[in-house]
Amino acid sequence: MKPLKSLSLHIGLFGCRNVGKSSLVNALTGQAVAIVSPTPGTTTDPVRKGYELAPIGPVVFVDTAGLDDAGALGEARVHRSEEMLEQVDLALVVAGPEGLGPVERRILEALDRSATPRLVVFNKSDLAAPPAEALVALKEAGIPAVAVSATTGANLTRLREAITTLVPDEWLDAPALVGDLLPPGELAMLVVPIDLGAPKGRLILPQVQVIREALDADAMCLVVKERELREALARQARPPHLVICDSQVVLKAVADTPPEIPLTTFSILMARFKADLVRLARGAAAIHRLRAGDRVLVAESCSHCDLADDIGRVKIPRWLRQFVGAKLEIDTVGPDLPDDLTPYRLVIHCGSCMTTRKHMLARLYRAESQRVPMTNYGVAISLLQGVLPRALGSFPAALSAYQAACREEGNLFHGGIV
Ligand SMILES: Nc1nc2c(ncn2[C@@H]2O[C@H](COP(=O)(O)OP(=O)(O)O)[C@@H](O)[C@H]2O)c(=O)[nH]1
Ligand code: SF4
Ligand SMILES: [Mg+2]
C-alpha cells in the first residue's frame, strides 16, 4: 500500500470488528460513506474519506478493517490495518462498552512506538457506559478517552473537541503574534503600565513575546508606560508603524495616539495567536445584545492568575454592567468550561496564556456548536471601552466579522459599533 502523503490531517480508526468504526466515520461526517454492517469483517481495505471537520479543517478519515480478523484473508486485512497505524497523523482507538482487551492494548502500544497522538473512543454508549476501571487506567496512563454513540450522536461534539486538542501543531497553522505586522526597520511602540498589577521586576509573557518577535522580524521596539506615550510619540521623526498597548490602558493610548497610527492591544494580538481573532471578534458583537437579567459566563483556563482574577471577576463584570446599563447574571468558572453553555448569552474567555491554541479552538467550537457566542477578555475590554474598531484596524477580517455580526443583530445601540 502506498504511504499516505497529503496536506490533510489523516485520522485513522482502529479497533476490533463490529465496534462501530465505520458507523463513527458516518456519524462524524454526517454521510453514509463507510459500509456499516452487523456482519463482522465488512470493511476490508482501509477506506479513506475526505471531510471538512469543524473546527480543524480538511481531514481524511481512514476507516480500517478490524484488527481481530481471523483466517488467511483476515490476516491480510489485519496486516493492511497495521500498516495504517504508522501512517496516520492521529488515531482513534475504538472500543465497545465492554472496555479494552488485548487487541486495543496492542494498538495503543503500536501507536506509542510511532508517537502517534491517540485517543480511545468507547462507542455504543447508548447500550452501556464504559467500565469505570478502564477509564481510571486510561486516565493514569495519560490517554484521553471519550464515550460516544454513533447511533444516537451522543457526545460527538466532545469527540471533535478531543480530536482538536490532539492535532499535531503543524496541522493548525498558527498565525504570527506580531511579526507579520512589522516590516523590517519599522518601529513598534509598546505601552506597558507598571502598576500594582504588574509583576515585580519583570514583564509579562505576551509583552516579552512581542518584543522577541519584533526583533526576529528585524523591526525595532520602544517600550514606554502610558504616561510617557504622548511624549515618546512627539519625539519620533517618523511615527511608529504600530502602537501596542495593554488592554487596561487602551482608552488613554487611543486618546494619545494620532488616529493615522495603527493601534492594537497585547490581548488582541494574543487572541489571534492563541485562538481565532475573527471568531472572537464576531462573538463580541453579542455584547450589544445583552439585556437585563441575561446570563454571561466569564471563563478562566487555569487557577493561577491573580491578575486575571481581578480582570475577570471584578473589572469585566463592572464594565459590562455599566455598558449594558442593566443588571446581568455573571458567573465565573475555571479551569473547566461547563459542557452545557446554552444558559448563557455570551462566554467571555480569558486570554489563555497558559493553554494551547488547540485548547482554545476546541472551546470556541464547543460554544459555537451550541450557538453561544464567545469572545475573550482582550476583545471585550476594547469593546467595552468603546475602541474596538480602532484596535481591530490592523485586522480587517476580524473588524468586518464584528461589524457584520453587529449589523445582523440590527444593533447600533449601547454606544454603537464605531
Ligand atoms: N447500539 C449501537 N449500535 C451501534 C453503534 N455504532 C455502531 N453500531 C452497530 O454496530 C454494528 C457494527 O458497526 P460497524 O460500523 O460496521 O462496525 P465496524 O466493524 O467497527 O466498522 C452495526 O450493526 C451498527 O449499526 C452505536 O453507537 N450504538
Ligand atoms: S490561562 Fe492565563 S489568562 Fe487565563 S486564567 Fe490562566 S493565567 Fe489567567
Ligand atoms: Mg467497518
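Is I194 buried or exposed? At 55% relative accessibility, I194 counts as exposed, where buried means under 20% relative accessible area, exposed over 50% and partly exposed in between (1.4 Å probe, protein chains only). The structure is a predicted model, in which local features need pLDDT of at least 70 and side-chain atom pairs count only at pLDDT 80 or more, while totals for chains, interfaces and linings use all residues. Residues are numbered from 1 along each chain as its sequence is written, chains are lettered from A and ligands numbered from 1 in the order in which they are written, and side-chain values use heavy atoms, with hydrogens and water left out.

The protein contains 15 helices and 14 strands; helices (H or I, at least four residues) and strands (E, at least two) are DSSP runs, numbered from the N terminus. Its C-alpha trace spans about 80 × 50 × 40 Å along the principal axes. Of the 418 residues in the protein, 52% are buried. The accessible surface comes to about 18,800 Å², and carbon and sulfur atoms account for 54% of that surface; accessible areas come from the Shrake-Rupley method with a 1.4 Å probe, and for residues only the protein chains shown count as cover. Among contacts (heavy atoms within 4.5 Å) between residues at least 6 apart in sequence, 76% join residues at least 24 apart.

I194 is placed in the loop between β7 (187-191) and α6. Together with L203, L205 and V208, I194 forms a nonpolar patch on the surface, with about 340 Å² of accessible area in total. Patches are made of residues with over 30% relative accessible area and no salt bridge; like charges are joined within 9 Å, and nonpolar side chains (Val, Leu, Ile, Met, Phe, Trp, Tyr) within 5 Å.

Backbone geometry is considered next. Most residues other than glycine have a negative phi, and most peptide bonds are trans. The peptide bond from G334 to P335 is cis, with omega near 0 degrees, and P335 is found in the loop between β12 (329-333) and β13 (346-349). K124, in the loop between β5 (118-122) and α4 (132-141), has a positive phi near 65 degrees. K124 is partly exposed, at a relative accessible area of 27%. A positive phi, near 60 degrees, is also found at D218, which lies in the loop between α6 (205-216) and β8 (220-224). D218 is exposed, with a relative accessible area of 54%.

R321 belongs to helix α11 (residues 306-324) and, at 35% relative accessibility, counts as partly exposed. Not counting residues up to four places away in sequence, R321 touches A326, L328 and I330. The R321 side chain reaches the backbone oxygen of L328 at 3.4 Å. The C-alpha atoms of R321 and E133 are separated by 47 Å, the two residues being 188 residues apart along the chain.

Side chains of opposite charge can pair when their charged atoms come close. A search of the whole structure finds 20 salt bridges, each a side-chain nitrogen of Lys or Arg within 4 Å of a carboxyl oxygen of Asp or Glu. One of them joins R118 to D112, with the closest N and O atoms 3.4 Å apart. R118 is buried, with a relative accessible area of 14%, whereas D112 counts as partly exposed at 48% relative accessibility. In the salt bridge between R230 and D256, the closest N and O atoms are 2.7 Å apart. This pair links distant parts of the chain, with R230 in helix α7 (residues 229-234) and D256 in helix α8 (residues 250-256), 26 residues apart. D256 counts as buried at 9% relative accessibility. R279 pairs with D276, the closest N and O atoms being 3.3 Å apart, and R279 counts as buried at 16% relative accessibility. Salt bridges that share partners also join R158, E161, D339 and R366 into one network.

Ligand 1 has 18 residues around it, of which N18, K21, S23, D126 and T151 come nearest; a residue is near a molecule or strand if one of its heavy atoms lies within 4 Å of it. An oxygen atom of ligand 1 is 2.9 Å from a polar backbone atom of G20, and an oxygen atom of the ligand is 2.9 Å from a polar backbone atom of A150. A nitrogen atom of ligand 1 is 2.9 Å from an N or O atom in the T151 side chain. On its own, ligand 1 has 580 Å² of accessible area, of which the protein covers 83%.

Conventions
Polar contact = N/O pair within 3.5 Å; in protein donor to acceptor, adjacent residues only side chain to side chain.
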